[in-house]
Amino acid sequence: MIRIEDIKFDKDYYDILIRFLNKVTGLELRYYKRRHIEKRIKSRMIRVNCYRLESYYKYIIETPNEIKKFLTSFNINYSTFFRNWEVYEKLEDMFLKIVNHNKRDILSDLRPNPERQYVKKIKSNPKKKYISPLKLQNKISLEKFIKQSSLFQKARSPQSFKRTINIWSCPCANGEEPYSIAIIVDNLKNQIPQFPEFRIIGSDIDENAIKRAKIGIYNEESTKNVSKYIEKKYFSKKQEGFGFNYILNEKIKDKIEIYNEDVMKKHQTSLIYDIIFCRYLLIYVNRHERKRFLKILESRLNIGGLLFLGKTETILSSQSSLKLVDSLNRIYMKIG
Ligand SMILES: C[S@@+](CC[C@H](N)C(=O)[O-])C[C@H]1O[C@@H](n2cnc3c(N)ncnc32)[C@H](O)[C@@H]1O
């Protein structure tokens, strides 16, 4: 059995392999961190018993199916509905604020109760060690900034044509993220008549992930944060082997537009967004390309628009018009 640390990379073959993969798949490996690329190549090499990069290169050329397998392992599509659910709770709070409603007046219940209690514990006793003291110290509250958000301005605008709020989930993987947003919006819209219109877009570079997003059938892992209330309202459950499949209702599937695209190359709408979710992509991108990614996202945001990053992701806001407005949930606002 080969161990990952036994594999040696020959620089010449590394470059040849990268060029080959780019030529046959169009995948721009130059965007990503070398560490991420190496890890993925090594994990395939272990699978197919190749000790040396030269033999893996030969193997990938001679075994057409291997390219597909490499791509699947490279594009890590892991996602879940309501992943890092505190962020969705924040989003829901914001939506309620822009229409001047209180949570207790509505029936929304996104997650199982034990997790809600966990949130309460943090709020009522901040000294508990759930969050590091440093994070608490740096905590800037989005509440202070909400009135400056384009979301708030649009929702309060008397002109109805200005009221559509645009949201982009990029990358959306298999659709869990944009569908989670659509569920929150739909759930609130059913209960609050003056709720504004939303347009929700999801995009991803991975063709197969996009196909899965369009099909809208999920397993138990990707629906693990979905409460019974949401499950009943938006999914039908079907026994599959020893487990279950969760089939998303057509009603929710119709609420999002999904595109297969490389965010660095093009975007198939001319929309400028009020909210962009860009979670768990930047962690794979190298420092140089990260700046280009962020410039693209920044140019697609309205003044007062919000950028949601993943829990472990951060940007140096001194370099851009994006200012951190919620350090716990990694939310940035574009300041004019
Ligand atoms: C870990 S998933 C993140 C999904 C979702 N945002 C979440 O947080 O659950 C990362 C996704 O980034 C996509 N991706 C990688 N490079 C991309 C690019 N240049 N343009 C668009 N999507 C990309 C991958 O295909 C993969 O589906």
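Student: Which residues come nearest to the ligand?
Tutor: Of the 21 residues around the ligand, the nearest are Tyr32, Ser79, Arg83, Pro171 and Asp204, where a residue is near if one of its heavy atoms lies within 4 Å of the molecule. This is a predicted model, in which local features need pLDDT of at least 70 and side-chain atom pairs count only at pLDDT 80 or more, while totals for chains, interfaces and linings use all residues. Residues are numbered from 1 along each chain as its sequence is written, and side-chain values use heavy atoms, with hydrogens and water left out.

Student: How far is a nitrogen atom of the ligand from an N or O atom in the side chain of Tyr32?
Tutor: That distance is 2.6 Å, and for the side chain of Glu177 a ligand nitrogen is 3.1 Å from an N or O atom; a polar contact is a pair of N or O atoms within 3.5 Å. The ligand taken alone exposes 600 Å², of which the protein buries 98%, with areas from the Shrake-Rupley method and a 1.4 Å probe.

Student: New topic: is Leu142 buried or exposed?
Tutor: Leu142 is buried, because its relative accessible area is 1%, and buried means under 20% (1.4 Å probe, protein chains only).

Student: And how far is Leu142 from Leu328?
Tutor: Leu142 and Leu328 are 186 residues apart in sequence and 10.0 Å apart in space, C-alpha to C-alpha.

Student: What about Asn166, buried or exposed?
Tutor: Asn166 is buried too, with a relative accessible area of 7%, and a polar atom of the Asn166 side chain lies 3.1 Å from the backbone oxygen of Ile272.

How values were computed
Buried < 20%, exposed > 50% of the residue type's maximum accessible area, 1.4 Å probe, protein only. Polar contact = N/O pair within 3.5 Å; in protein donor to acceptor, adjacent residues only side chain to side chain.
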